[in-house]
Amino acid sequence: MKKLVSIVIPAYNEVDNVFVIAESIKKVFSIINYDYEIILVDDGSTDQTLQTIKEYAASSENIFFLEFSKNFGHQLAVKAGMDNAYGDCVISMDCDMQHPPELIPDMLKKWEEGFEVVYTIREEDKNLSKRKRGSSGLFYKVLNWLSDIELEPGAADFRLLDQKVVNVFRNFHENEPFLRGLVKWLGFKQFAIRYNPAARFSGKSKYTFKKMFQLALHGVTSFSIKPLYTAVYLGFILSFASILYIPYIIYAFVNNVEVSGWASVIMTIVFFGGLQLIILGIIGIYVGKMFMQTKNRPSYIIRSTNIPIK
Ligand code: UDP
Ligand code: MG
């Protein structure tokens, strides 16, 4: 019997891409000896994406869809797809053709060799804007410096997971999963494949600089409490520095030297006011995460699907 490969594709306003990606996956599988199914997750699209997916699913037996009740975000869309994928392995990829389906046979080959996680690393892309490249570089620098897991720059959400790994993932109920980090954290036998990303087929990127920044902050705070330690060390250093200043104040007092400069005083107050707010904010993020998680809400809500209940 042929092995079944489930392909999970999150789609948020990708009306022109759905058909193209599904067809190119079909083409890839026509030359390899595997069965496949495509699970398209509509992440609360506001355009015709859902209708397109539904029509497409109705006309072919190996296309499935999951409809979210609203936009829950890329990571949860992938998670939902994986939770409902029961192939021998599951491949997740973007809808916009930036993750080349031609790489799938190579990924499957590595999987057959015994790797349980085959992930991909995007080579430096000349098509991307300077800002995007810069922000993505900064993203990984900050992440690796501040957290306890080591992520390679360019690690993409284009990866193959063995059924074993997917089953482990099903028990994860983090309300904001950061998949790239979680996969690394899981362990298992992992292999990285490098690829050259294509340009987006249609539409534009949903990841703005703001979203990247939020993702970085989220990635750091959900994987380590290093920022809290950094705050403590910073506090010690600054207190120590201020102690060093005391002898000078005493000297000035004894010798009647006038200590001038309200400007520097104001500057110091503002600077440390800001610093305290940042650190308070960092603590707040952790407390907020605890609050969100203790409510134990479902992390995503499915409005409809054509996947038979397993
Ligand atoms: N996506 C999603 N929900 C969102 C944003 C994006 O499901 O809220 C999907 C999107 O349709 C695409 C993938 O996630 O399939 C990656 O998004 P995008 O191409 O915008 O990100 P980029 O490639 O620029 O990092
Ligand atoms: Mg993209």
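**Terms and values**

Modeller: Let's start with the record: the unreviewed UniProt entry lists residues 231–254 and 260–287 under "transmembrane region". UniProt positions follow the numbering used here, feature names are shortened, and annotations may be inferred rather than shown by experiment. This is a predicted model, where local features need pLDDT of at least 70, side-chain atom pairs count only at pLDDT 80 or more, and totals for chains, interfaces and linings use all residues. Residues are numbered from 1 along each chain as its sequence is written, while chains are lettered from A and ligands numbered from 1 in the order in which they are written.

Biologist: How much of residues 231–254 is helix, and how far apart are the end C-alpha atoms?

Modeller: That span is 100% helix and 0% strand, with its end C-alpha atoms 36 Å apart. Residues 260–287 are 93% helix and 0% strand, and their ends lie 42 Å apart. Helices here are DSSP runs of H or I with at least four residues, and strands are runs of E with at least two, numbered from the N terminus.

Biologist: Which domains is the chain divided into?

Modeller: Domain 1 covers 4–143 + 152–207 + 298–305, and domain 2 covers 226–294. Those bounds come from an automatic or database domain assignment. The C-alpha centres of the two domains lie 44 Å apart.

Biologist: What makes the chain more spread out than a compact globule?

Modeller: The chain has 10 helices and eight strands. Its radius of gyration is 25 Å, well over the 19 Å from the globule rule for 310 residues, so the chain is more spread out than a compact globule. The radius is taken over C-alpha atoms, and the rule is 2.2 Å times the number of residues to the power 0.38. Along its principal axes, the C-alpha trace spans about 90 × 40 × 35 Å.

Biologist: Why does Ile104 count as buried?

Modeller: Ile104 has 23 C-beta neighbours inside 10 Å. Buried takes 20 or more other C-beta atoms within 10 Å of a residue's own, exposed means 12 or fewer, and partly exposed is in between, with C-beta atoms placed from the backbone. So Ile104 counts as buried. Ile104 lies in helix α4 (residues 104–112).

Biologist: Which residues is Ile104 in contact with, leaving aside neighbours within four places in sequence?

Modeller: Val28 and Ile91. Contact means that the C-beta atoms, placed from the backbone, lie within 7 Å.

Technical notes
Contact = placed C-beta atoms within 7 Å.
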